[in-house]
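Let's take a walk through this model together, one topic at a time. Keep the sequence and the 3D view open as you read.

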Amino acid sequence: MQNFIDAYSWVNIRFLLDGLWVTVEVSVISIIASFIIGSILGVLRYVKIKYLSAVVGFIVDIVRNLPLILIIFFTYFGLPHLGFKPGILFAAMLAMTIFESAMLAEIVRSGILAVDYGQMEGARANGMTYVQALWHIVFPQAIKKTIPTIVSQFISLIKDTSLATIIVLPELLNHAQIIYGQNSAFIIPMFLMVAFMYFVICYALSVLSRILDKKLA
């Protein structure tokens, strides 16, 4: 019990919260960027633009079948050999965005395909151009249909930020490792606290997903 009391001192908790802030920062920026990029890529795959859609699909399939940790290694250790040396924080966000954009591209494309084609035909019959119908009629419905899947993907991204500890990103798990590295008796308390913090964030997103799903149903 004393180990738990000592492990959860205010100094340690504050240090963990600093790491949690980095986790949240990387996650939020990556989520916003990947949603925008993934949506664009998903639409490009759907509209079947000659050559472009095939190239986008090929790249998306490659990224989706690579382990995230490999992409993290490439952005931090590989890019410097190509003349670009990102910082740890930027390298982590870039890797997360690349990986997540590919995942979301396929989710968005599947969502668009799930919308009844009669919606597009009806919009065109009412004078809308193809692009207008896609943007104002089909795409919003596709996003509504895929909200639970998209949120689940975002939850996975938040948990996957822990992989960036391999490049010493000062996120939650990295800070926990530093704490129990100074006192091995703190290993269990730190793991429990890290698990609790991840649970709170991810569960809150799950609840938000269910609320949005009900409201937009």
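## Residues 20–44 and the helix around them

Across residues 20–44 the chain is 100% helix and 0% strand, with 35 Å between the end C-alpha atoms. Please keep in mind that this is a predicted model. The UniProt record, in an unreviewed entry, lists residues 20–44 as a transmembrane region, along with 51–76, 88–108 and 186–208.

Helix α2 has 38 residues, running over residues 10–47. From its first C-alpha to its last, α2 reaches 54 Å, close to the 56 Å expected at 1.5 Å a residue. Just after α2 comes K48, which takes a positive phi of about 60°.

## Residues 51–76

The next span in the UniProt list, residues 51–76, is 85% helix and 0% strand. Its end C-alpha atoms lie 31 Å apart.

## A network of salt bridges

How many salt bridges are there in the model? The count comes to four. Side chains of opposite charge can pair when their charged atoms come close. Here, a network of salt bridges links R45, D61, R64, E106 and R109.

Let's look at R45 and its partners. R45 forms a salt bridge with D61, where the closest N and O atoms are 3.8 Å apart. R45 belongs to helix α2 and D61 to helix α3, so this pair ties together parts that are 16 residues apart in sequence. R45 also forms a salt bridge with E106, with 2.6 Å between the closest N and O atoms. Because E106 sits in helix α5 (residues 88–114) and R45 in helix α2, this pair ties together parts that are 61 residues apart in sequence.

Are R45 and E106 buried or exposed? R45 counts as buried because its relative accessibility is 14%, under the 20% cut-off. E106, at 15% relative accessibility, counts as buried too. D61, on the other hand, is partly exposed at 30%.

D61 has another partner in R64: their side chains meet in a salt bridge at 3.6 Å, N to O. Both lie in helix α3, three residues apart, which is about one turn of the helix. R64 is partly exposed, with a relative accessible area of 31%.

## The nonpolar core

Now to the inside of the model. The largest nonpolar core has 38 residues, and M96 and I112 are those with the most contacts inside it. Which helices supply at least two residues each to this core? They are α2, α3, α4, α5, α6 (117–125) and α7 (130–160). The helix that gives the most is α5, with 13 residues.

## A nonpolar patch on the surface

A surface patch is formed by V55, F58, I59, I62, L66, I69, L70, F73, F77, L163 and I166, which together have about 920 Å² of accessible area. Helices α3 (52–64) and α4 (68–78) each supply at least two residues of this patch.

One member to pick out in your viewer is L70, found in helix α4. L70 is partly exposed, with a relative accessible area of 43%.

Methods:
Residues numbered from 1 in each chain as written. Predicted model: local features only at pLDDT ≥ 70, side-chain atom pairs only at ≥ 80, totals over all residues. Heavy atoms only, no water. Patch = residues over 30% accessible without salt bridge, like charges linked within 9 Å, V, L, I, M, F, W, Y side chains within 5 Å. Areas by Shrake-Rupley, 256 points an atom, 1.4 Å probe, with all protein chains shown as cover. Helix = DSSP H or I, 4+ residues; strand = E, 2+ residues; numbered from the N terminus. Buried < 20%, exposed > 50% of the residue type's maximum accessible area, 1.4 Å probe, protein only. UniProt positions renumbered as here; feature names shortened; annotations may be inferred. Expected span 1.5 Å × (residues − 1). Core = buried A, V, L, I, M, F, W, Y, C linked by side-chain atoms within 4.5 Å.
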